[in-house]
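Open the model in your viewer and keep the selection tool at hand. Each stop below says what to select and what is there.

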Amino acid sequence: MQTVYGKVVRMRPYPVILVPGIGQSRTRLTENGKLAWPLDVDTEKLKKTLLSPAIRMVLFRHDCGFEKALRKAVREALEPLRGTQDGHLVHPVQVETFENSLAHCTAEQRHFISRMVPYSVFAEPVGEENLYYFAYNPIGDVGQTVEELRAFVCRILEQTGAPKVSFVAISLGGSIITQYLERYVSCGDTARVIGIVAAFDGSRLLSGILQKNISTRGMIPIAELLLGRKAAQALEKSAGLIPHKLLHRYADAVLDCLPEVLLRSTVMWGAIPASQYPELCERFLSGEPFAALRARTQEAYRVRANLPALVEKCARYGTDIYSLYGCGRHLLAVNDDADSDGVVHASSCRMGETAQESPIAGNTRAFPGMEHEGAAKEPTLLALCAALLRGDVENIHTFDGKAAL
């Protein structure tokens, strides 16, 4: 807003680009159009592979070949996401993109986006004609993703004639946006960034998985993310039948299959907290075969390792960063008592280990007890985000959600 002749006049809102989280974009295999992400697991094939050894294992209380069958089944399920040592996908994919504003998307596109993000909340302050959804490959290359986002921004600026855009970065989208800002905030066309449970410095959940630091109940949420809800529910039902002494062995077998997916993607490496990156890089990316991949992951790491410098850079070019996040919960699947929303630790969302150390301390607001997925149903958070997009909030700590609803 600005004051003209003593009257407050609301400015035309900037276009807003939603940068979604890990499960909120779809990719398909180029060769046959099959859904690659989220994984479209053939549950019938999974049953055929596992059923016979599972029955023997339960009856005789010994492995009886189940671990071998499990590794085979998981690798087959993850095959569409497998990467090479230099960080490229073995099977090329195409991302289902949304080139137009929400106002000009098809009914099917609008339906998909509405299932991913409550976009009507963001459309209200800016209009659907000014709201865009940036889909990307979460198991892809972060450099390529940033360049795709830049091209997306330039096209919107040209089409709308707007001088700037704003971003709403959700979950993994926070990691993407830090890399974007490092490269392109100097262009001066980013008005503001609003993070919603944003993993600006990644998630200790991911590093915990790679370190096999999994809690007793942790495998079910991981299975749901990778294999889908139906397969995870089937595993949860059968877990009680597995001899306790074998449970950890099978958990390790599943985790052993993940590096060829998670650790061949620079987007995923960008979601590893800076404090844990050096150890994991030395463990998984040492040696000449990984030299090219290691170089690309280190570029993204350097940005996360000095987020205060990035925030200062953004301020020089007139870009404000806000962060709305949950806290007060342990991480969902790993043995880590980090203050979090269950998925992303709070210090990642606020870009600092403590609230006082955060370079965006005045622009962060915590929602105690809120789960990661609960952000989509938190009325005060959504109302605050809408107000920030309008430019109606000066102090987010005093924002009265009830008054705005």
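Select strand β10, residues 320-327, together with β11. The two run parallel, and 5 bridges join them. This is a predicted model, so treat each stop as part of a prediction. Now pick cysteine 327. Proline 368 in β11 stands opposite this cysteine.

In what order do the strands lie? The order is β7-β3-β8-β9-β10-β11, an open sheet of 6 strands with parallel pairing. Colour β7 (131-133) and β11 (364-368) next: these are the edges. Each has a single partner strand, so one side of each lacks a neighbour in the sheet. Look along the sheet, too: from one strand to the next, the twist averages 15 degrees.

Two helices come next. Select α4, residues 119-126. Helix α4 packs on the sheet and touches β3 (16-19), β7, β8 (165-170) and β9 (190-196). Its direction makes about 145 degrees with that of β7. Then select α17, residues 379-390. Helix α17 also packs on the sheet, touching β3, β8, β9, β10 and β11. The angle between the directions of α17 and β9 is about 175 degrees.

Now go to the nonpolar cores. Which residues have the most contacts inside the largest one? Select Ile17, Leu149, Phe167, Ile177, Tyr180, Trp269 and Ile321. That core holds 82 residues. Stay on tyrosine 180. Beyond residues up to four places away in sequence, Tyr180 touches Val146, Leu149, Arg150, Val153, Phe167, Val185, Asp189 and Thr190. A second, separate core has 37 residues, among them Val117, Tyr322, Leu381 and Leu382.

Jump to helix α5, residues 142-160, and select isoleucine 156. Is Ile156 buried or exposed? Isoleucine 156 is buried, with a relative accessible area of 1%. Apart from neighbours within four places in sequence, its contacts are Pro15, Ile17, Tyr132, Gly161 and Val165.

Last stop: lysine 313, in helix α15 (residues 307-316). Lysine 313 counts as buried because its relative accessible area is 17%, and the cut-off for buried is under 20%. Where does the side chain go? It reaches the backbone oxygen of glutamate 182 at 2.7 Å. Setting aside neighbours within four places in sequence, lysine 313 is in contact with Glu182 and Val185.

Key. Residues are numbered from 1 along each chain as its sequence is written. This is a predicted model: local features need pLDDT of at least 70, side-chain atom pairs count only at pLDDT 80 or more; totals for chains, interfaces and linings use all residues. Side-chain values use heavy atoms; hydrogens and water are left out. Two strands pair if DSSP finds at least two bridges between them. Helices (H or I, at least four residues) and strands (E, at least two) are DSSP runs, numbered from the N terminus. Axes are lines fitted to C-alpha atoms, for helices over the stretch in contact, and angles run from 0 to 180 degrees between N-to-C directions. Contact means heavy atoms within 4.5 Å. Buried means under 20% relative accessible area, exposed over 50%, partly exposed in between (1.4 Å probe, protein chains only). A polar contact is a pair of N or O atoms within 3.5 Å; within protein, one must be able to donate a hydrogen and the other to accept it, and residues adjacent in sequence count only if both atoms are side-chain atoms. A nonpolar core is a set of buried Ala, Val, Leu, Ile, Met, Phe, Trp, Tyr and Cys residues joined through side-chain atoms within 4.5 Å.
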